[in-house]
Amino acid sequence: MKITINLFVLLILPICHLFCQQPGELDVDFGTNGKVVTNIKKSYDQCKATTLQPDGKIIAVGNSYNSANWFDMLVMRLHPDGTPDAGFGLQGIVLLDAGSPNDIFYAVALQEDGKIVAAGYSGVGFNNDFVVARFLSNGSLDTAFGSMGVVKTDIFDSEDKATALSIQSDGKIVVAGTAKTGNYDDFAIIRLLPEDGTLDNTFHDDGKLLVDVSFANDKPVAVAFQNDAKIVIAGNALTIGDIALVRLLANGTPDPDFGNNGIATSNILNKPDGASSLKILPDGKLLVAGYIFDGVSGDDDMAVYRFHSDGELDDSFGNGGIAS
């Protein structure tokens, strides 16, 4: 028996090391050695967000450089093995010129019917509007949505940029981003009806809401929904260097039971920190991934934060609510 075990260790394990993938290693069955690199327009091709279809296909959105007028919006679909899906757009790629030099998608979500909804902004210089576009499963624009598949929304006259998107269980589309009011960016949230993309006037009367989180620039990064239909937006109060959480009732009214009249910010250990993504746990607690400044090394560390459902940090998680 000892000889058999020793032969296994000497002969089989080295072979397995060569041919068996270890947890956390790049998946060699995906693309080329676990990576897919797509050169679309030879310059400044950027992926901003991804989502998965139920069949395992991968949707990626972002922007691609257009030498004529700078950036076009980009939607790309890959098979589960990373090869382009030839049944989507042109060999797996759709480019959308929304009519301005700066056209960029920052977020994407799937409807239950398989339609793809992407959000970002379009504009020139400091004059930008929210853009939400809906695509059919073959990559063509859904002409029943907005104007030939595209909805543009002017929030506050000048610099409006959509950066986060999610779809409610009833199909309504919630988009969050920034709107410059005076000298600073505030949280801006809109809700669109799924039938045609019109603003939902049951959400804060006109379908649009501005939330001034701090005294300076604020930026949302994620939208999620609680089981009771309340809307949670995570982001950053950039100037004071805090994570910012906003919770709204289903009608768009700030939730008085969350933080300070619907707004919770967190100065963790008196260090600059920030959010990149948000997950609502089954027990209602909020899990935020992002970063925290490391005063010893002088740079940022990866960090995960957990908040109670009322917006307070959960001291039972990590070190005072943070694991970094």
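**Close-up views of a predicted model**

V304 stands opposite A323, a residue of strand β20. This pair of residues opens a series of legends for a structure that is a predicted model, and each legend below takes up one region.

**View 1. An open sheet is formed by four strands, with β20 at one of its edges.** The strands follow one another in the order β17-β18-β19-β20, and their pairing is antiparallel. Strands β17, which covers 273–280, and β20, which covers 322–323, are the edge strands, since each of them pairs on one side only. Strand β19, made up of residues 299–307, is joined to β20 by two bridges, and these two strands run in the antiparallel sense. The residue facing A323 of β20 is V304.

View 2. A search of the whole structure finds four aromatic pairs. Y65 is partly exposed, with a relative accessible area of 25%, whereas F71 counts as buried because its relative accessibility is 9%, and the cut-off for buried is under 20%. Y65 and F71 also belong, together with W70, to one aromatic cluster.

**View 3. F105 and F135 form an edge-to-face aromatic pair between two strands.** Here the centre-to-centre distance is 6.3 Å, and the angle between the planes is 85 degrees. F105 lies in strand β5, which spans residues 102–110, and F135 lies in strand β7, which spans residues 127–135, so the pair ties together parts that are 30 residues apart in sequence. Both F105 and F135 are buried.

View 4. When its neighbours within four places in sequence are left aside, T163 is in contact with K219, P220 and V221, with A176 and G177, and with Y106 and A107.

How values were computed:
Residues are numbered from 1 along each chain as its sequence is written. This is a predicted model: local features need pLDDT of at least 70, side-chain atom pairs count only at pLDDT 80 or more; totals for chains, interfaces and linings use all residues. Side-chain values use heavy atoms; hydrogens and water are left out. Rings of Phe, Tyr and Trp (its six-membered ring) pair if their centres lie within 6.5 Å; planes under 30 degrees apart count as stacked, over 60 as edge-to-face and the rest as tilted. Buried means under 20% relative accessible area, exposed over 50%, partly exposed in between (1.4 Å probe, protein chains only). Two strands pair if DSSP finds at least two bridges between them. Contact means heavy atoms within 4.5 Å.
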